[in-house]
Amino acid sequence: MQFDYDDQNIFAKILRGEIPNSTVFENEHALAFKDIAPQAPVHVLVIPKGAYVSIDDFAANARADEQAGFFAAVAAVCEMSDVAQGFRAVANTRTHGVQDVPHFHMHIIGGNQLGRMLP
Ligand code: AMP
């Protein structure tokens with residue numbers, strides 16, 4: 001599958017420092033920041049620094065060190081957040097998945113009891 005990356009998306013602008021964000025963790029390959037419209041007490045977005053459109057693009061095309069760095073950031077966010085009782089990791093993808101920002105991001109959502117995923 002062909003993945004065409006639009007470098008004008010808002011998360012690309014965050015990575016270039018063109019717009020501010022509330023960073024909670026950063027490493028060589030990933031950035032984690034608070035969602036601007038939180039759906040729960042914990043709502044953090046983890047994004048790779050590389051130009052990947054979606055989770056399937058990232059899984060298919062990111063190098064092993066990029067994937068390791070991304071999941072190290074996920075682990076760090078979970079460790080520092082109030083999610084010991086659980087959380088939801090979400091990667092909305094393309095049209096059917098209602099993905100608004102075309103740069104791969106994983107939502108880490110928790111901090112209280114969530115509803116069922118697909119009511
Ligand atoms: P999605 O529908 O999975 O693409 O979700 C995109 C998410 O990005 C939404 O939860 C938005 O609230 C969030 N978002 C959009 N712009 C910003 C921003 N500037 N800083 C932080 N989060 C943002």
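Some ground rules. Residues count from 1 along each chain as its sequence is written. Because the model is predicted, local features need pLDDT of at least 70 and side-chain atom pairs pLDDT 80 or more, while totals for chains, interfaces and linings use all residues, and side-chain values use heavy atoms, without hydrogens and water.

Five strands form an open sheet, ordered 1-2-3-5-4, with antiparallel pairing. Strands are DSSP E runs of at least two residues, helices H or I runs of at least four, numbered from the N terminus. Pairing takes at least two DSSP bridges. At the edges sit strand 1 (23-26) and strand 4 (87-90), each pairing on one side only.

Now look inside. Strand 2 (residues 30-34) pairs with strand 3 (residues 42-48) over five bridges. There, Lys34 stands opposite Val44.

Next, the pockets. A pocket is an open set of points on a 1 Å grid over the protein atoms alone, where a 1.4 Å probe fits, with protein on both sides within 12 Å along at least five of seven lines; lining residues have an atom within 4 Å of a point.

Of its 22 lining residues, Phe11, Asp35, Ile36, Ala37 and Leu45 are closest to the centre. Helix 1 gives the most, three residues.

Which strand supplies the largest share of its lining? Strand 4, with three residues.
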